[in-house]
Amino acid sequence: SEGGSAAFVAAKALQDSMDVEIGVVTMASPVLDIPPTLASAFAEFAKETPASPILVAFLPFVALSFSSHNPEVPNSNVGQDLLSPSFQDPSDFLTDVRGWYQSEQDLISLVEIVQAATNGDPRIVFNENVTRIIEAAIEANKISEVCDFAVEGETDLLCDAVKGQSVKDAVNQEEDILLQFCHSPDDDTAFEEVNRPDFSKENVVKFSFNGVEASGDHIQSGLLCFFGATLPFTDGFEHDDIDTNSVQPFKGPFRCAGHEEEQDYERRHRRRG
């Protein structure tokens, strides 16, 4: 999720600022584009089936993240918080979203708090101006273009802030780093469809472990992504037992078409990356 995007940002910083050569970055269920992910989440809560508990806890956290007083963030201190003012009230724990996360709850407890405070619908923690543009985008069937519905003086600077933290464009513009994406098409939290990178690029590939690609919901797919990406670096793992790249053949300097020298190239760069 957030870690998948953070891995890419960290790799770019090491590469661009410190001349560190990065061979490969594996991104697990990443949120690359925040506005359409939020819109997809809103649409999920409009369904009759229960939403993912991860999503229940995730939405208020995102709303809080874009309601800071950091002067470097475009929407700070201008009345364009993502979080509704009614959920920034520290006088009552159930209306103090910041307090929920500062209280260091585990996931189960956090979900219970959110459900109790929102009657099971965490969309109500969002600023009503934001809710309005998200619902307009959903109605117009333009989930990927939420910020096109932004209103000057109400949500324009907030959209600038949210888009500024989205890395999809940077991922699609990357040319030098091999980017492996481990993402289930059935992810119920970081929706794959709106966070899908440009797989036509030769350095952007789908990750699989021993030929198995991610499937299932956010938690189920996350297990394969995590163990598939970390197991090759454990002491008990034999690198010759499995192709540690676990990708299908593709063109470019990162090819893994079965040639021993190309596999060795990948393995060396994996260890450095």
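1. Helices (H or I, at least four residues) and strands (E, at least two) are DSSP runs, numbered from the N terminus. This is a predicted model, in which local features need pLDDT of at least 70 and side-chain atom pairs count only at pLDDT 80 or more, whereas totals for chains, interfaces and linings use all residues. Residues are numbered from 1 along each chain as its sequence is written, and side-chain values use heavy atoms, with hydrogens and water left out.

2. For the protein chain, the mean pLDDT is 85, and 86% of the residues reach 70 or more. Over residues 244-273, however, pLDDT stays under 50, although the model has 61 contacts beyond four places in sequence for this stretch, a contact being heavy atoms within 4.5 Å. Where pLDDT is low, the predicted coordinates should not be read in detail.

3. The protein chain holds 10 helices and 5 strands, and of its 273 residues 47% count as buried, where buried means under 20% relative accessible area, exposed over 50%, and partly exposed in between (1.4 Å probe, protein chains only). Of the contacts in the protein chain with a separation of 6 or more, 68% are made by residues 24 or more positions apart. The accessible surface comes to about 14100 Å², of which 50% belongs to carbon and sulfur atoms; accessible areas come from the Shrake-Rupley method with a 1.4 Å probe, and for residues only the protein chains shown count as cover.

4. Helix 9 (residues 218-230) has 13 residues and reaches 18 Å from its first C-alpha to its last, close to the 18 Å expected at 1.5 Å a residue, the expected span being 1.5 Å times one less than the number of residues. His218, Ser221, Cys225, Gly228 and Ala229 are buried in helix 9. These residues lie on the same side of helix 9 because they cover an arc of only 115 degrees around the axis, the arc being that of the directions from the helix axis to the C-beta atoms. The buried residues of helix 9 pack against strand 1 (24-28), helix 3 (53-65), strand 2 (178-182) and strand 4 (208-209).

5. The N-terminal end of helix 9 is capped by aspartate 217, with a side-chain oxygen 3.2 Å from the backbone nitrogen of isoleucine 219. Such a polar contact is a pair of N or O atoms within 3.5 Å; within protein, one must be able to donate a hydrogen and the other to accept it, and residues adjacent in sequence count only if both atoms are side-chain atoms.

6. Serine 67, in the loop between helix 3 and helix 4 (97-102), is buried, with a relative accessible area of 1%. Its side chain reaches the backbone nitrogen of leucine 83 at 2.9 Å and the backbone nitrogen of leucine 82 at 3.3 Å.

7. Serine 166 sits in the loop between helix 7 (156-164) and helix 8 (168-173) and counts as buried at 18% relative accessibility. A polar atom of the serine 166 side chain lies 3.0 Å from the backbone nitrogen of isoleucine 34, and the side chain of serine 166 also reaches the backbone oxygen of valine 162 at 3.2 Å.

Definitions and conventions:
pLDDT = per-residue confidence, 0-100.
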